[in-house]
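Here are my notebook entries for today, with what I looked up and how each term was defined.

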Amino acid sequence: MEILKIENLSKVYGKDETAVKALDDVSFTVKKGEFIAIIGPSGSGKSTLLHLLGGVDRPSSGKVFVNNTDIYSLNETQLAIFRRRQIGLIYQFYNLIPVLTVEENITLPLLLDQHQVDKKQLDDIVKKLNLESRLNHLPNQLSGGQQQRVSIGRALISNPAIMLADEPTGNLDSKNSAEIIDLLKMFHKTYNQTLIVITHDERIALQADRLIAIEDGKITRDEVIRP
Ligand SMILES: Nc1ncnc2c1ncn2[C@@H]1O[C@H](COP(=O)(O)OP(=O)(O)OP(=O)(O)O)[C@@H](O)[C@H]1O
Ligand SMILES: [Mg+2]
């Protein structure tokens with residue numbers, strides 16, 4: 001089943017002589033449950049693409065369908081709801097809220113949606129992330145690896161259909177990186193989630209099912225490595 005369809009997607013930042021074409025007429029489809037690694041040089045348009053897949057930004061032209069919904073035909077409120085329910089986002093620098101505890105950071109997407117926290121599900125996620133003894137800590141009382149595990153928890157709590165990660169190990173040492181990759185893979189398998197990861201880390205790229213390379217805003221390579 002096709003979960004994502006990207007049609008002729010382009011993004012131009014700025015106008016006139018300062019205009020930058022960050023994404024140039026990109027099209028592809030993604031099957032439910034696929035694990036895709038996106039690679040490419042700095043400035044090639046990887047983050048721009050990921051943001052457009054997640055409804056974080058709007059394209060200059062082209063369409064993104066998630067489960068057959070044309071997400072950019074939604075208004076801002078609908079798009080925000082779509083994002084909270086369908087997309088789990090993980091960033092290189094975690095983007096946790098400094099004044100909220102670990103538990104509050106993880107459950108924030110549910111609270112914003114006025115949904116009750118499912119205690120059993122929360123316990124399960126917290127246990128798998130090995131954060132049981134840190135629930136009442138603040139982000140600045142955690143190591144980088146722990147902070148990234150919290151951000152994975154926050155991304156998972158609403159059972160999103162698609163997990164998007166932008167260099168999730170870019171700020172971590174090799175031991176913590178390996179742990180984060182294992183967790184992402186474990187959740188991808190356990191919940192049959194679609195996982196799209198931007199990475200400069202060869203170890204991640206080689207574990208994906210499919211590799212997409214981007215240069216100058218265009219796809220230059222798209223191969224299935226593990227059918
Ligand atoms: N908000 C913005 N305003 C103007 N230009 C932008 C903006 N965001 C990105 N760009 C430009 O768009 C191009 C693509 O940027 P993008 O962040 O998608 O690259 P990237 O592949 O993620 O790079 P990196 O590996 O360094 O993270 C770059 O030339 C960048 O300067
Ligand atoms: Mg980037």
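**Entry 1: terms and model.** I took helices (H or I, at least four residues) and strands (E, at least two) as DSSP runs, numbered from the N terminus. I was working on a predicted model, where local features need pLDDT of at least 70, side-chain atom pairs count only at pLDDT 80 or more, and totals for chains, interfaces and linings use all residues. Residues are numbered from 1 along each chain as its sequence is written, chains are lettered from A and ligands numbered from 1 in the order in which they are written, and side-chain values use heavy atoms, with hydrogens and water left out.

**Entry 2: the annotated span.** I checked UniProt, where an unreviewed entry lists residues 4–227 as "domain: ABC transporter"; such annotations may be inferred rather than shown by experiment, and the positions are given in the numbering used here, with feature names shortened. I found 33% helix and 28% strand in residues 4–227, with the end C-alpha atoms 18 Å apart.

**Entry 3: ligand 1.** I counted a residue as near if one of its heavy atoms lies within 4 Å of the ligand. That gave 13 residues around ligand 1, and S42, G43, K46, S47 and T48 come nearest. I sorted the shell into 4 nonpolar, 7 polar and 2 charged residues, with Ala, Val, Leu, Ile, Met, Phe, Trp, Tyr, Cys and Pro as nonpolar, Asp, Glu, Lys and Arg as charged, and the others, Gly among them, as polar. Helix α1 (46–53) and strand β2 (20–31) each supply at least two shell residues; α1 gives the most, with 3.

Next I looked at distances. An oxygen atom of ligand 1 sits 2.6 Å from an N or O atom in the side chain of S42. For polar backbone atoms, I noted an oxygen of ligand 1 at 3.0 Å from G45 and one at 3.2 Å from S44.

**Entry 4: the largest pocket.** I used a 1 Å grid over the protein atoms alone: a pocket is an open set of points with protein on both sides within 12 Å along at least five of seven lines, a cavity is a set where a 1.4 Å probe fits but cannot get out, and lining residues have an atom within 4 Å of a point. Which residues lie nearest the centre of the largest pocket? They are R84, I87, L89, P109 and R154, among 14 lining residues. α2 (76–86), β6 (87–90), α3 (102–112) and α5 (144–156) each give two or more residues to this lining. The lining divides into 8 nonpolar, 3 polar and 3 charged.

**Entry 5: the largest cavity.** I listed M163, L184, F187, H188, Q193 and L195 as its lining. Helix α6 (residues 174–190) has the largest share, 3 residues. I found 4 nonpolar, 2 polar and no charged residues there.

Notes. Polar contact = N/O pair within 3.5 Å; in protein donor to acceptor, adjacent residues only side chain to side chain.
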